[in-house]
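Have a look at the picture first, and then read on.

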Amino acid sequence: MDRNYGRCSGGPVGLLTLTLLLAAILLSGCGGREEALYPVTRVSVILPHNDDGYWSLIREGIEEAEAELGESYNIDIQISIPQLNYNISQMTDILKQQVAARVDAIVIQGNEDETFRQVLAEAQNRGIQIICVDTAIRDFPCNLYIGTDNYEAGRLLGENMVRLADGKARAAVVTGEPGYLNLEQRLQGFRDVTTRYPGIEITSVNYNHYDGLTFMNQYHSLSDEADILVCLEGTGGQTLSHAFTGPDAEYRFVVGFDAYTGVESRVIAGVVKQDTNQMGRRIVEEIANYVSEGRYTDDVIYTDCYWLSADSYDEVSR
């Protein structure tokens with residue numbers, strides 16, 4: 001009697017068996033969610049700017065790769081952006097919040113602000129992984145850097161400017177802000193090329209503070225001293241791409257970084273084009289590798305960059 005009772009679906013043993021069977025089905029993924037292979041890795045990405053041609057492409061790469069890898073490796077990514085572009089104080093506040101939340105990894109653009117560095121050091125002391133994208137930090141041991149080899153990018157810009165200028169030019173340089181290692185490395189690479197040519201003079205180095213209006217004021221004033229304008233980051237090229245539909249006669253030509261729409265319209269003679277989508281994707285791929293292997297593939301990962309001009313525009317993919 002006891003044996004038969006145990007086999008009845010309506011009895012307590014049968015009910016327990018049915019409950020365990022349903023649980024097994026749910027855990028196996030049939031009719032429910034598969035049990036996570038890895039514990040959740042919480043990642044905070046702090047981007048400095050919500051633009052339409054650089055950081056937006058990094059974000060796009062992150063989101064594409066998270067859609068492909070996030071569930072398999074149980075990676076949860078949250079992206080934060082300051083209200084003011086490149087505002088270090090606001091980015092530091094976001095950073096403090098994420099350290100207090102004890103996330104597993106923080107992705108940032110490096111800068112040399114002392115308070116920012118102190119908060120990053122505190123994060124590392126708590127075991128949080130620090131990943132620098134686009135810009136490393138001088139004398140700071142980030143766990144991983146992903147981005148352009150900026151010294152070589154500066155050299156590439158210099159070599160092509162010299163070629164376009166036939167070895168003779170008075171070149172004014174416009175860059176973003178002082179204290180950003182990537183911009184300093186680009187400038188050094190550019191200088192190391194141009195100093196080999198006695199016909200090339202760098203007349204001045206100017207900061208636009210990532211502001212289009214400031215850049216346009218510099219664009220008009222610097223033509224008094226220079227016949228070629230060199231933009232070491234994307235603000236200048238993007239601003240000119242919106243301001244003009246074709247080449248402007250104020251300079252012999254303008255060269256820069258990343259603003260490929262200005263190249264297509266020949267407002268800009270050529271740019272060093274960085275693969276920012278690749279930067280974003282590699283962030284997620286490397287975190288997935290760390291989750292599964294306990295390490296990154298390397299501590300420095302250089303992403304692609306190349307020279308893009310109007311003549312090569314159709315041959316070189318964006």
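Helix α6 and helix α7 cross in a right-handed way (right-handed means that the near helix is turned clockwise from the far one by less than a right angle, left-handed that it is turned anticlockwise). This is a predicted model, in which local features need pLDDT of at least 70 and side-chain atom pairs count only at pLDDT 80 or more, while totals for chains, interfaces and linings use all residues. Residues are numbered from 1 along each chain as its sequence is written, and side-chain values use heavy atoms, with hydrogens and water left out.

**The whole protein**

The protein has 11 helices and 12 strands. Both are DSSP runs numbered from the N terminus, with helices being H or I of at least four residues and strands E of at least two. Of its 318 residues, 47% count as buried (buried is under 20% relative accessible area, exposed is over 50%, and partly exposed lies in between, using a 1.4 Å probe and protein chains only). Among contacts between residues at least 6 apart in sequence, 69% join residues at least 24 apart; here a contact means heavy atoms within 4.5 Å.

Axes are lines fitted to C-alpha atoms, for helices over the stretch in contact, and angles run from 0 to 180 degrees between N-to-C directions.

| Pair | Angle | Axis distance |
|---|---|---|
| α6 (residues 150-165) and α7 (residues 181-194) | roughly 40° | within 7 Å |
| α4 (residues 88-100) and α5 (residues 114-125) | about 15° | 10 Å |
| α3 (residues 55-73) and α11 (residues 276-293) | about 25° | 6 Å |

For the classes, Ala, Val, Leu, Ile, Met, Phe, Trp, Tyr, Cys and Pro count as nonpolar, Asp, Glu, Lys and Arg as charged, and the others, Gly among them, as polar.

Next come α4 and α5, which pack at about 15°, so α4 is roughly parallel to α5. Their crossing is left-handed. The contact involves residues including Met 91, Leu 95 and Val 99 of α4, together with Phe 116, Val 119 and Leu 120 of α5. It is made up of seven nonpolar, two polar and two charged residues.

For α3 and α11, the angle is about 25°, so α3 is roughly parallel to α11. The crossing of α3 and α11 is right-handed. By class, the contact of α3 with α11 has 11 nonpolar, five polar and six charged residues. Ala 67 sits in α3 and counts as exposed, at 65% relative accessibility. Although Ala 67 and Val 284 are 217 residues apart in sequence, their C-alpha atoms are 9.9 Å apart in space.

Where is Asn 111? It lies in the loop between β3 (105-108) and α5, and it is buried, with a relative accessible area of 2%. Its side chain reaches the backbone nitrogen of Asp 113 at 2.9 Å. Leaving out residues up to four places away in sequence, Asn 111 touches Ile 88, Phe 116, Arg 117, Ile 137, Gly 179 and Tyr 180.

Gln 129 belongs to strand β4 and is buried at 14% relative accessibility. A polar contact of 3.4 Å joins its side chain to that of Tyr 290 (a polar contact is a pair of N or O atoms within 3.5 Å; within protein, one must be able to donate a hydrogen and the other to accept it, and residues adjacent in sequence count only if both atoms are side-chain atoms).

Finally, is Asp 134 buried or exposed? Asp 134 is buried, with a relative accessible area of 3%, whereas Asp 139 is exposed at 73%. Asp 134 lies in the loop between β4 (129-133) and β5 (144-147), and Asp 139 is also placed in the loop between β4 and β5. Asp 134 has a positive phi of about 75° although it is not a glycine, and for Asp 139 phi is positive too, near 55°.

Key:
Parallel < 35°, antiparallel > 145°, perpendicular 65-115°, else oblique.
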